[in-house]
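Visitor: Could you walk me through this structure, one feature at a time? I would like to learn how to read each one.

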Amino acid sequence: MKKLLVFVLLFGGVLYTSSCYKDNLSQLTPASGVTTPTCDTAGTISYSAQVVPILQNNCGTNNSCHSTGNSNSGYDLSTYAGVNGQAANGNLVNAISWTGNVPQMPQGGLQMGACNIATIKKWVDQGHLNN
């Protein structure tokens with residue numbers, strides 16, 4: 001009888017704790033006014049304001065991979081001249097889109113985000129201006 005009582009109490013406790021749902025509604029729903037980031041490629045894409053930060057964050061143009069001091073990659077994307085050359089021959093878009101006969105960039109990692117790719121593609125389509 002004592003074992004049955006212990007079993008019932010343990011079983012009841014397990015049922016009680018596992019069936020209790022205590023999530024807070026305010027934690028499950030976003031606060032009013034909170035929006036998810038959108039990809040804004042409307043208008044003219046600016047090389048200095050939009051493309052350069054993407055290259056700095058994804059292509060190592062600050063200190064590695066595709067910078068002036070790194071001759072291993074063979075492509076200097078730290079200057080407009082270097083980026084413009086790769087944009088003009090199609091290698092830039094092919095590398096970041098993982099298409100064509102060029103190495104996928106960035107290597108050894110995940111493909112850069114769709115918004116970054118769309119931004120660079122639009123900049124190239126707009127004539128890859130130094131703006």
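Visitor: Where is the place of Pro106?

Guide: Pro106 sits in the loop between H5 and H6. Here helices are DSSP runs of H or I with at least four residues, strands are E runs of at least two, and both are numbered from the N terminus. A cis peptide bond, with omega about -5 degrees, joins Met105 and Pro106. Most peptide bonds are trans, and most residues other than glycine have a negative phi.

Visitor: How should I take the numbering and the values?

Guide: This is a predicted model, in which local features need pLDDT of at least 70 and side-chain atom pairs count only at pLDDT 80 or more, while totals for chains, interfaces and linings use all residues. Residues are numbered from 1 along each chain as its sequence is written, and side-chain values use heavy atoms, with hydrogens and water left out.

Visitor: Which residue has a positive phi of about 60 degrees although it is not a glycine?

Guide: That is Trp98, and its place is in the loop between H5 and H6. To read burial, take under 20% relative accessible area as buried, over 50% as exposed and anything in between as partly exposed (1.4 Å probe, protein chains only). Trp98 has 29% relative accessibility, so it counts as partly exposed. His128 also has a positive phi, near 40 degrees. His128 lies in the segment after H6 and is buried, because its relative accessible area is 17%.

Visitor: What is Ala87 in contact with, leaving aside its neighbours within four places in sequence?

Guide: Contact means heavy atoms within 4.5 Å. With those neighbours set aside, Ala87 is in contact with Leu92, Trp123, Val124 and His128. Ala87 and His128 are 41 residues apart in sequence, yet their C-alpha atoms are 6.9 Å apart in space. Ala87 belongs to helix H4 and counts as buried because its relative accessibility is 6%.

Visitor: How many residues does the largest nonpolar core have?

Guide: A nonpolar core is a set of buried Ala, Val, Leu, Ile, Met, Phe, Trp, Tyr and Cys residues joined through side-chain atoms within 4.5 Å. The largest one here has 17 residues, and Leu92, Ile120 and Trp123 have the most contacts inside it. Helices H3 (47–58), H4 (80–88), H5 (91–97) and H6 (114–125) each give two or more residues to this core. Not counting residues up to four places away in sequence, Ile120 touches Val51, Ile54, Leu55, Leu92, Ile96 and Met112.

Visitor: At what angle do the axes of H3 and H6 cross?

Guide: Axes are lines fitted to C-alpha atoms, for helices over the stretch in contact, and angles run from 0 to 180 degrees between N-to-C directions. The axes of H3 and H6 come within 10 Å and cross at roughly 135 degrees. The contact is made by Tyr47, Gln50, Val51, Ile54, Leu55 and Asn58 of H3 and by Asn116, Thr119, Ile120 and Trp123 of H6.
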